[in-house]
Structures are given as C-alpha cells and as structure tokens.
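Please look through the notes below with the model open beside them.

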Amino acid sequence: MLLWTIISVVILALIAAGSVAVALHLDKSDELPPGIPPQPAAITVNPQIKAVSDAAPEPTAAGVQQAIAAAVRDPALGQFTGQISDALTGATLWSDAPTQPRVPASNAKILTASAALLGLPHDKRLTTTVIAGPNGRLILKGAGDPTLSAQPTGADTFYTDAPRIADLAAQIRKAGIPVTSVAVDTGAYSGPTMERTWDRQDIAGGDIAPIESLMADGGRIEPLDEYSPRVENPAATAGEALATALGVDTRVTEDTAPAGGQVVASVTSAPLVTRVNDMMRFSDNVLAETLSLELSVAQGGPATIAGGVTAVEKVLTEHGFDMSGVTLRDASGLSYANRVPAAVLDKLMAAASGPSQPLMRSMLDGLPVAGGTGTLADRFNPQTNPGAGWVRAKTGTLTGVSSLTGIVQTIDGRVLSFALMSGGTSPADARPALDAVAGELRECGCR
C-alpha cells in the first residue's frame, strides 16, 4: 500500500536560510580564535515524499468526535453533513447525516476523476488533427481536448504539457501545403453544448464554455487567467487561431473532414492522469465535462453531456460504490440540480488513499494542498490552522453551498479521509469553518 505525506519544505527552507545568514556573517568576521571548530556547511533543502507507516496508532471514533466537537458546532456551517473515515481500514469514525443527498458543487469532480481513473487507461491521450480538404481547404478536427493551446511556441500554457496550435501550423508549413481556407470539424461530440440547468451568464463569468469537441485553452479569452471569461464559440475561435498562424484571412467555417482524408498535422494531449490532476487542482469545469465525455465514448456511450454523466455513474457502480443517493446533471458540479451524499464522497476519498482502489490513487496528486496550491492556496492560514500543508482536499463552492473533501495525516501518522458539506450560509463564512474541522483532524491522534 502506498500512502503519501507532505514534508514541510517551509521549515527546512527557514533553517537553510538561517544557516546561510550565519555563514555570511562568519565570512565577514575576523579570523576565529584557536580551538574554534570550522564553519559547518550550509543546510540544503531536501524535500521528500515518504510512505506513511502501517504501524501508526489506530484512531477511534471517540477520539475523532472529541477532536472536532467544538468545530462542527460553528453556526457558519449552516446545514451541515459529513463523514470521516480511517483510510487504512475504511472504517467510518464520525458522521452526521451522511446519506442525505446534498448539492456538492465542485466536489462532484471527485466522482468524475474517480470514474475516469477507473475506466480509462492512465496513459490515454487525445489527438487533434488537421485534414486536407478540397481546393486548399484544411479542416481542424477536434478530439475532445480542451487543453489544446493557442499560445505561441515557448510561451506558458494554462494546462500542463498542452499541445499547441502553433505546432500544427509549423507542421503544415514544413509540408509545403498551400492553404486557401480553414474549417473546423466538431463532429466528435453531439447533443447540446450546454446543460439546461446551467446559467449561460457563467460563460462571461468564466465558469464554463459551450462544450465542443474542439476548443483552445478551455475556451478562455485570456489563456493564462484561471478566471477569464470564456468564448461563446470555442471551435470557431480555435480555427481562427490556426488560420492566423497560417496567414489565412478567409472566414473560418464548419465542415466535415472526409473519411480517410490525408492527415497533414497532428498534436496530442497530455496523458489522462495529467489532465485529471489539472481538473482537480484548478477545479476546471470544462475539463471535467470533456473527461466525462471521453469516458462515455470509451464505454460505448454517446458523446454528450448526459452520456458523460451516465458513464460516471455506471463505472463507479461497477466498482462497488453505492450510487443510490446520487443524482447528477453534469460532471463538473456547476449545476444546482446535482445531489451527492457526504458518505459517497468520503468513501471515494478513502478508496483513493487506502488499499482498495489503487487505480484511483493518482487523484491524490491533483488535490490542492492547504495553504499551498490550487483552490486552497489562500486558505488554511498556517498561523492559525494546523492543517496548512497537511490537508489535501477538493473544494466546492456555489452561492450558499460550500464543500470540502480530502485527506489529512494526523500527528500520529495516520491518514484520515473526510467529506464536509455546508449549505445555507455564505461561502465566505462557511469555508473557514470547514477548514477548522479539517485542521482539528490534523492535530488529533484521535485515540
């Protein structure tokens, strides 16, 4: 069994910085008197990942209850449900209405990530192609990869190891193919591009873009801005980026690539695991939806938003998770019509961090680190919350809805999974209250 713990780089860095400061001071001083030992070498930072010991003391339900008793009574939690488990044994240590279906917000992405990792090869990649059409027309055919980037060669991309439209253009120029026009083929997806329970204003708000099989930078207008407004026409925008790169100024249209047509350029996405972790770290709604469609197609289902939801539920049921209390309208958690019990979220997290579902374990790498990365970067103040650096968790936020599902290593070296769901209060108030519960778990040996 592999379980991971986070080594505190901050403390080591402070020690190293102090050693360097002392060394600089000694270098400037007069020669040391006889008998003084020579100056020691400066301490260097050596971050590591170490396995959690199987022999760590086992927590008890009474210990967990005592540790969080005050924190779970915070009125800021509003309508509160949750569950906490021992990752090693899977035993439930605390719960409060865990089977009550609740709006999960982006904690729904835990279901999507789990199903993708269970149902798809972890090294699976998507290939975006350019196919030759008649009379100098090139057709950019999408494969469901929203990480394709319009960023120039050498520039940063939002998604990890993203393929580039610039590389497609370079391949076309190298082949010496004359180009008169560019078209786009979005036939890899079917059905509505927006779930009917979504608010179309969320496109301009930066939360979602129409889900098309051809997109660039997740549909962001500002490619590196996580919260950038999205475009209304992702496929056409991607086609325009290719046309611009090729110096073609004719209008981009839609077309169907001819079957068996000549592929004149192609680029591939990062592996599935990388894309899942990007989705989790940044809570990317577009990437969540496209991953579910990718899963549906692999399962023989339709390439639709509804098909993606069905595929997620099907795969998790097949792997022994009780989905009877789950209702999903999307794979991202953007819809207020979604319902997921805290017990389901906690059991998925316990499975990922424990011995029962090793295929899900890489999901832990994408979980934001409290006070450090992703959507938890500005939460868990290390001066006031002991969970900073030790909690890894997926956040979920909608108006009046806040959720937090993840893992924490206790001071005794035991890993606990948890799912905490709050409703009816402002996220500005609920999130610190949720963080406080997780922080108390870090401090307790819970014995």
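This is a predicted model: local features need pLDDT of at least 70, side-chain atom pairs count only at pLDDT 80 or more; totals for chains, interfaces and linings use all residues.

1. Helices (H or I, at least four residues) and strands (E, at least two) are DSSP runs, numbered from the N terminus. Residues are numbered from 1 along each chain as its sequence is written.

2. Leu-291 lies in helix 8, residues 285-298. Is Leu-291 buried or exposed? Its relative accessibility is 1%, so Leu-291 counts as buried (buried is under 20% relative accessible area, exposed over 50%, partly exposed in between, with a 1.4 Å probe and protein chains only). Leaving aside residues up to four places away in sequence, Leu-291 touches Thr-112, Leu-272, Arg-275, Val-276 and Met-279 (contact means heavy atoms within 4.5 Å). Between the C-alpha atoms of Leu-291 and Arg-414, 123 residues apart along the chain, the separation is 32 Å.

3. A nonpolar core is a set of buried Ala, Val, Leu, Ile, Met, Phe, Trp, Tyr and Cys residues joined through side-chain atoms within 4.5 Å. The largest one has 47 residues, and those touching the most other members include Leu-111, Val-276, Met-280 and Met-363. Helix 3 (108-119), helix 7 (272-282), helix 8 and strand 14 (415-423) are among the elements that each supply at least two residues of this core. A second, separate core of 27 residues includes Ile-68, Ala-370, Leu-416 and Ala-433.

4. Which residues of helix 6 are buried? They are Pro-234, Ala-235, Ala-238, Gly-239, Leu-242, Ala-243 and Leu-246. An α-helix has 3.6 residues a turn, so residues three or four places apart point the same way. The cover over the buried residues of helix 6 includes strand 6 (127-132), strand 7 (137-141), helix 4 (165-175) and strand 8 (181-185).

5. Helix 6 has 13 residues (234-246) and should span 18 Å at 1.5 Å a residue; its end C-alpha atoms are 19 Å apart, which agrees. The expected span is 1.5 Å times one less than the number of residues. After helix 6 comes Gly-247, with a positive phi near 75°.

6. A disulfide is counted when a pair of cysteine sulfur atoms lies within 2.5 Å, and the count comes to one. The pair is Cys-444 and Cys-446, with sulfur atoms 1.5 Å apart. Cys-444 is buried at 9% relative accessible area, and Cys-446 is buried at 4%.

Definitions and conventions
Side-chain values use heavy atoms; hydrogens and water are left out.
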